[in-house]
Amino acid sequence: MIGSFGDIVFLCSDSTILTFQDLSFNRSASYAEHKILGGNGLVEFTGINAASCSISMNFEASLGVDPLKQITELERMLNDHEANLFVLDGKPVGSGYWVIESINETYELIDNNGRAKKITASVSLKEYYEAS
């Protein structure tokens, strides 16, 4: 197993290949600027922002994956506002839990009966923390 996000498992086996590409993270901090009359403003650190992540997931029927089933699961996670464990190499990514901010679906191959055979989902995630 390569990793997982919720119930979507990234793997390469004899019968199934479900992978991703273009995984990128954005981490940032927030600062407030206090204006000083007649002088330079002062910058004050106010906190670390929740990390964001983008990932492109590849769902292809010829590789043993049901593309619509995977897209339906992503849409369910988005609609249910569900925080899911994101794991790579057996270890949680960041705090471990992430929510889906957006999904951009590209239907790359559709058969002569109108069934999706290959879908790429570009997914934007935001790191999730419980309120303390």
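Visitor: Which residue stands opposite leucine 88 in E7?
Guide: Glycine 3 does. Bear in mind that this is a predicted model.

Visitor: How many bridges join strand E1 to E7, and which way do the two run?
Guide: Three bridges link E1, residues 3-5, with E7, and the strands run antiparallel.

Visitor: And how many bridges join E7 to strand E8?
Guide: Four, again with an antiparallel run. E8 covers residues 91-110. As for a facing pair, tryptophan 98 in E8 has asparagine 84 opposite.

Visitor: What about the hairpin of E7 and E8, how many residues are between the strands?
Guide: Two. Aspartate 89 in that hairpin takes a positive phi, near 55 degrees.

Visitor: Is E7 largely enclosed or open, and why?
Guide: Strand E7, residues 84-88, is largely enclosed by the rest of the structure, because four of its five residues are buried.

Visitor: Changing topic. Where is glutamate 73?
Guide: Glutamate 73 sits in helix H1, which spans residues 67-79.

Visitor: Buried or exposed?
Guide: Glutamate 73 counts as buried, because its relative accessibility is 17% and the cut-off for buried is under 20%.

Visitor: What is glutamate 73 in contact with?
Guide: Asp7 and Ile8, once neighbours within four places in sequence are left aside.

Visitor: Next one: where is alanine 51?
Guide: Alanine 51 lies in the loop between strand E5, 42-48, and strand E6, 52-60.

Visitor: A loop residue, then. Buried or exposed?
Guide: Buried: the relative accessible area of alanine 51 is 3%.

Visitor: Which residues does alanine 51 touch?
Guide: Not counting residues up to four places away in sequence, alanine 51 touches Asn26, Arg27, Trp98, Leu125, Lys126 and Glu127.

Visitor: How far apart are alanine 51 and phenylalanine 5?
Guide: Their C-alpha atoms are 16 Å apart in space, and in sequence the two are 46 residues apart.

Visitor: Now the surface. Which residues form the nonpolar patch?
Guide: Tyr31, Val43, Phe45 and Ile48. Together they have about 480 Å² of accessible area.

Visitor: Which strand gives the most to the patch?
Guide: E5, with three residues.

Visitor: Take phenylalanine 45. Where is its place, and what is its relative accessible area?
Guide: Phenylalanine 45 is in strand E5. Its relative accessible area is 45%, so phenylalanine 45 is partly exposed; the cut-off for exposed is over 50%.

Key
Residues are numbered from 1 along each chain as its sequence is written. This is a predicted model: local features need pLDDT of at least 70, side-chain atom pairs count only at pLDDT 80 or more; totals for chains, interfaces and linings use all residues. Side-chain values use heavy atoms; hydrogens and water are left out. Buried means under 20% relative accessible area, exposed over 50%, partly exposed in between (1.4 Å probe, protein chains only). Two strands pair if DSSP finds at least two bridges between them. Contact means heavy atoms within 4.5 Å. Patches are made of residues with over 30% relative accessible area and no salt bridge: like charges are joined within 9 Å, nonpolar side chains (Val, Leu, Ile, Met, Phe, Trp, Tyr) within 5 Å. Accessible areas come from the Shrake-Rupley method with a 1.4 Å probe; for residues, only the protein chains shown count as cover. A salt bridge is a side-chain nitrogen of Lys or Arg within 4 Å of a carboxyl oxygen of Asp or Glu.
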